[in-house]
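Please keep the sequence and the model in view while reading.

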Amino acid sequence: MPQDITTTVLRNTDLGNANFLIEFEATPSMVQMAPAQFFMLGIPGSETLLRRPFSVCGIPGTFEGAPPDAVQVLYKVVGTGTGLLASLAPGSVIDVLGPLGRGFEAPERPGARPVFVAGGIGSAPFPALASWLAPQASPPLMYYGARTKNDLPLADWFESHTERLTVTTEDGSAGHEGLVTGPLAELLESSPAEAHHLYVCGPDPMLKAVAKLAQRHEVICDLSLEAHMACGFGVCLGCVVPTRQPGSDEISYDRVCVEGPVMRAGVLAW
Ligand SMILES: Cc1cc2nc3c(=O)[nH]c(=O)nc-3n(C[C@H](O)[C@H](O)[C@H](O)COP(=O)(O)OP(=O)(O)OC[C@H]3O[C@@H](n4cnc5c(N)ncnc54)[C@H](O)[C@@H]3O)c2cc1C
Ligand code: FES
């Protein structure tokens with residue numbers, strides 16, 4: 001059940017290259033949240049701005065090294081709101097509305113191995129997903145792509161919490177040079193459709209390319225979408241995406257903040 005609370009920042013750690021990990025005091029409802037659910041954060045100093053959406057990165061009690069009563073959010077400074085967020089010191093108070101939206105679920109095909117596909121700061125929900133899946137699924141494979149080696153926050157954490165981490169960068173400064181879809185295609189080509197379940201978060205062009213690959217190989221693929229959000233709870237209709245139910249030609253519109261942010265790739269009418 002979402003709650004609108006005022007809570008306290010415990011830590012706000014600069015991870016370098018404009019990436020930060022903020023931790024704030026959790027409420028009991030946050031302990032129950034699913035990976036890729038999100039919060040609308042009201043950031044002090046940004047009262048003239050709308051709240052901003054951020055995924056949960058560490059669910060209380062699951063993220064290694066985190067206090068059991070803290071929620072973690074991994075974020076990148078891209079504009080005014082995230083710039084103000086980065087300036088918050090421990091002890092600052094922050095308005096948090098959440099948890100919101102529909103998160104990732106466990107693989108539905110028995111024995112399917114989770115495969116995480118992340119683009120840059122799109123890696124934010126994957127620590128929560130890795131920790132949450134650990135007791136109920138095979139250890140995940142991860143394909144982590146970015147522009148440069150500076151855009152791979154928490155890569156060390158993923159290295160030690162996945163079965164295998166494959167990094168790609170567009171400029172070749174870390175891992176394989178190129179896009180994440182290259183090595184991912186090799187995996188899907190060399191294994192049966194039911195062997196894997198894809199979990200994807202990143203920029204739209206990457207989501208679309210991975211969705212296409214998954215469709216070609218008939219692999220189940222869940223995407224965590226991003227959209228500009230004004231309310232975060234289904235009222236403003238500012239975040240809708242076109243969808244089509246399997247077997248139907250009819251286009252409808254779903255709200256990323258309520259029916260998503262996690263949606264099955266096959267229902268998106270892109
Ligand atoms: C469900 C969801 C979960 C998200 N989780 C995270 C997360 O865990 N970590 C993280 O760093 N970011 C996340 N985002 C994106 C984050 O909300 C935006 O980066 C943030 O709102 C930017 O605010 P700003 O005031 O700094 O930027 P602004 O000054 O408002 O804009 C700066 C730039 O960012 C772009 N932008 C702004 N809002 C969004 C948005 N909602 N989606 C995509 N681009 C946007 C603008 O088009 C512009 O180019 C998430 C977005 C959604 C919808
Ligand atoms: S953000 Fe208002 S309906 Fe989704």
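In this predicted model, an oxygen atom of ligand 1 lies 2.5 Å from an N or O atom in the side chain of Thr-82. This is a polar contact, a term that covers a pair of N or O atoms within 3.5 Å; within protein, one atom must be able to donate a hydrogen and the other to accept it, and residues adjacent in sequence count only if both atoms are side-chain atoms.

| Residue | Atom of the residue | Atom of ligand 1 | Distance |
|---|---|---|---|
| Thr-82 | side-chain N or O | oxygen | 2.5 Å |
| Thr-80 | backbone N or O | oxygen | 3.3 Å |
| Ala-227 | polar backbone atom | nitrogen | 2.9 Å |

Taken alone, ligand 1 exposes 850 Å², and the protein buries 76% of that area. Accessible areas come from the Shrake-Rupley method with a 1.4 Å probe, and for residues only the protein chains shown count as cover. Around ligand 1 there are 19 residues, of which Arg-52, Pro-53, Leu-74, Gly-81 and Thr-82 come nearest. A residue counts as near if one of its heavy atoms lies within 4 Å of the molecule or strand in question.

**Conventions.** Residues are numbered from 1 along each chain as its sequence is written, while chains are lettered from A and ligands numbered from 1 in the order in which they are written. Local features of the predicted model need pLDDT of at least 70, side-chain atom pairs count only at pLDDT 80 or more, totals for chains, interfaces and linings use all residues, and side-chain values use heavy atoms, with hydrogens and water left out.

**The fold.** The protein has six helices and 15 strands. Helices (H or I, at least four residues) and strands (E, at least two) are DSSP runs, numbered from the N terminus. Of the 270 residues of the protein, 52% count as buried; buried means under 20% relative accessible area, exposed over 50%, and partly exposed in between (1.4 Å probe, protein chains only). The C-alpha trace spans about 50 × 45 × 35 Å along its principal axes.

**Salt bridges.** Side chains of opposite charge can pair when their charged atoms come close. A salt bridge is a side-chain nitrogen of Lys or Arg within 4 Å of a carboxyl oxygen of Asp or Glu, and by this rule the count comes to six. In one of them, Arg-51 pairs with Asp-4, the closest N and O atoms being 3.2 Å apart. Arg-51 stands in the loop between β3 (38-42) and β4 (52-55), and Asp-4 in strand β1 (residues 3-16), 47 residues apart.

Asp-222 belongs to strand β12 (residues 220-224). Asp-222 is buried, with 4% relative accessibility, whereas Arg-264 is partly exposed at 29% and Glu-108 is exposed at 51%.
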